[in-house]
Amino acid sequence: LGDAFQFAWVLNEGQYGRKGESASEQKALVADSALRSMLRVIVETSCDHFLITQSSNPDLQKRMKGYVASSGFGLHSGWAIQGAIGSQFKIDTMY
């Protein structure tokens, strides 16, 4: 995973959405909500005055020309490994 945060949750049938909705409709609701959340984080951080000010710090720009605070995102649906993943030198956990 490197320098990232990854969030995962198990989608149990009937846990999300309205009663009577199919499993695929419930999954679509969760996926749409996750996408909206990612977009909101992108918009909010790109307009945040504090982050813009910190990113344009002259000392920082001297060391890292053109630096801009940014985030990366990914969406996944399907099977995933939960637990400790890695080697004897580096371990990432997913629960």
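A contact here means heavy atoms within 4.5 Å of each other. This is a predicted model, in which local features need pLDDT of at least 70 and side-chain atom pairs count only at pLDDT 80 or more, while totals for chains, interfaces and linings use all residues. Residues are numbered from 1 along each chain as its sequence is written, and side-chain values use heavy atoms, with hydrogens and water left out.

**View 1. The whole protein chain, to get your bearings.** Three helices and two strands make up the secondary structure of the protein chain; helices (H or I, at least four residues) and strands (E, at least two) are DSSP runs, numbered from the N terminus. Along the sequence they follow the pattern α-α-α-β-β. Of contacts between residues at least 6 apart in sequence, 29% join residues at least 24 apart. The accessible surface of the protein chain is about 8500 Å², and carbon and sulfur atoms account for 58% of this area. Such areas come from the Shrake-Rupley method with a 1.4 Å probe, and for residues only the protein chains shown count as cover. Buried residues are 8% of the 95 residues, where buried means under 20% relative accessible area, exposed over 50% and partly exposed in between (1.4 Å probe, protein chains only).

**View 2. A walk along helix α1.** Helix α1 has 25 residues and spans 36 Å from its first C-alpha to its last, close to the 36 Å expected at 1.5 Å a residue. That expected span is 1.5 Å times one less than the number of residues. Look for the buried residues of α1, which are Gln-26, Val-30, Ala-34 and Met-38. An α-helix has 3.6 residues a turn, so residues three or four places apart point the same way. Leu-29 is also in α1, and counts as partly exposed because its relative accessibility is 38%. Its C-alpha is separated by 9.9 Å from that of Arg-18, eleven residues away along the chain.

**View 3. A nonpolar patch on the surface.** Leu-35, Leu-39, Val-41, Ile-42, Phe-73 and Leu-75 form this patch, with about 510 Å² of accessible area together. Patch residues have over 30% relative accessible area and no salt bridge; nonpolar side chains (Val, Leu, Ile, Met, Phe, Trp, Tyr) are joined within 5 Å, and like charges within 9 Å. A salt bridge is a side-chain nitrogen of Lys or Arg within 4 Å of a carboxyl oxygen of Asp or Glu. Val-41 belongs to helix α1 (residues 23–47) and is partly exposed, at 36% relative accessibility.

**View 4. Ser-55 and its contacts.** Ser-55 is found in helix α2 (residues 49–55). With a relative accessible area of 9%, Ser-55 is buried. Leaving aside residues up to four places away in sequence, Ser-55 touches Leu-60, Gln-61, Tyr-67, Val-68 and Ala-69.
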